[in-house]
Amino acid sequence: MSWVTENLQNALDTWNEKLGEIWQLLMQSPETFRGGSIWTAILDIHDMLQAIGYALLILFFLAGVMKTCGSLSELKRPEQAVRLFIRFILAKGAMTYGTEILVGILSVIQGIMGDIMESTGVGQASGLILPQEIVDAIEEVGFLESIPLWFVTLLGGLVVTVISFLLILTVYGRFFKVYLYMAIAPLPIAAFAGEPTQNIGKSYLRSFIGVGMEGVIILLSCVIYSIFAASPPTVDVTAGAIPMIWSYIGELIFNMLVLVGTVKVADHLTKDMLGL
């Protein structure tokens, strides 16, 4: 029966490990992730695209001038010329310091997540441990009764392991989206140079902030789950071993699915709540 116990506890250990990894990922900056090698590659791509971005900057600016000014006489008006000049300077500054601006946005979001953790006093997820009542019930089961018990624990352990990887993959996906947005930043930011194309840049910034705020939603979900999981599923000691374990695993998987479901729709929740 030790195999049955170990199988269940190994599945719970996998869940605890992945949940703990999520806490570390949420509070880690893109610059330091994986030793910073990914960030270095992203900056190289960013610098390469920045040259194309400057060309687009001029193109979008000229398109904006043609769209805004119906004739050359309008361009000679001082207020109109100053307005266009200021737009070009601001767009050029956003292109030049785009990386710093985006990193600053992420830093603000990281600060929000740090404040949430500090205010709630939850710094990590509470680990799940197989209750002693379950262990004792498994040890008392005979050979014939152990056959369906093996199936129940094998299936339950497999489901918990799959859920654990689905959870961590979602969080890694959000991390990778940050890198993608950083890499192509010069292209949409260049669109701010022209009034007709400025919506491209606005949409990009809104989406980038939305990706960053996904981390806040994921963190809040983990905080709520950690408090919720502090009271583990109840164990009915009056039931038989198989109904007891099945009931425990079923409630445990349900709680995990609630967290995974919330994390997977974090992007939609961010758009709905903040209109991003």
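Start by selecting glutamate 214, which is buried, with a relative accessible area of 7%. Buried means under 20% relative accessible area, exposed means over 50%, and partly exposed lies in between (1.4 Å probe, protein chains only).

This is a predicted model, in which local features need pLDDT of at least 70, side-chain atom pairs count only at pLDDT 80 or more, and totals for chains, interfaces and linings use all residues. Residues are numbered from 1 along each chain as its sequence is written, and side-chain values use heavy atoms, with hydrogens and water left out.

**Stop 1: salt bridges**

The term salt bridge stands for a side-chain nitrogen of Lys or Arg within 4 Å of a carboxyl oxygen of Asp or Glu. Lysine 177 lies in helix H7 and glutamate 214 in helix H9, so the pair ties together parts that are 37 residues apart in sequence. Helices (H or I, at least four residues) are DSSP runs, numbered from the N terminus. Lysine 177 is partly exposed, at a relative accessible area of 28%.

How many salt bridges are there by this rule? The count comes to two. For the pair in helix H1, select glutamate 21 and lysine 18, which lie three residues apart, about one turn of the helix. Their side chains meet in a salt bridge at 4.0 Å, N to O. Lysine 18 is buried, with a relative accessible area of 13%.

**Stop 2: aromatic pairs**

The structure holds 10 aromatic pairs. Rings of Phe, Tyr and Trp (its six-membered ring) pair if their centres lie within 6.5 Å; planes under 30 degrees apart count as stacked, over 60 as edge-to-face and the rest as tilted.

Select tryptophan 15 and tyrosine 225. Their ring centres are 5.7 Å apart and their planes stand at 70 degrees, so the pair is edge-to-face. Tryptophan 15 belongs to helix H1 (residues 2-26) and tyrosine 225 to helix H9 (residues 198-229), 210 residues apart. Tryptophan 15 is buried at 0% relative accessibility, and tyrosine 225 is buried at 6%.

Next, select phenylalanine 33 and phenylalanine 175, a tilted pair with 4.6 Å centre to centre and 40 degrees between the planes. Phenylalanine 33 sits in the loop between H1 and helix H2 (37-68), and phenylalanine 175 in helix H7 (residues 143-183), 142 residues apart. Phenylalanine 33 is buried at 4%, as is phenylalanine 175 at 3%.

Note on methods: Helix = DSSP H or I, 4+ residues; strand = E, 2+ residues; numbered from the N terminus.
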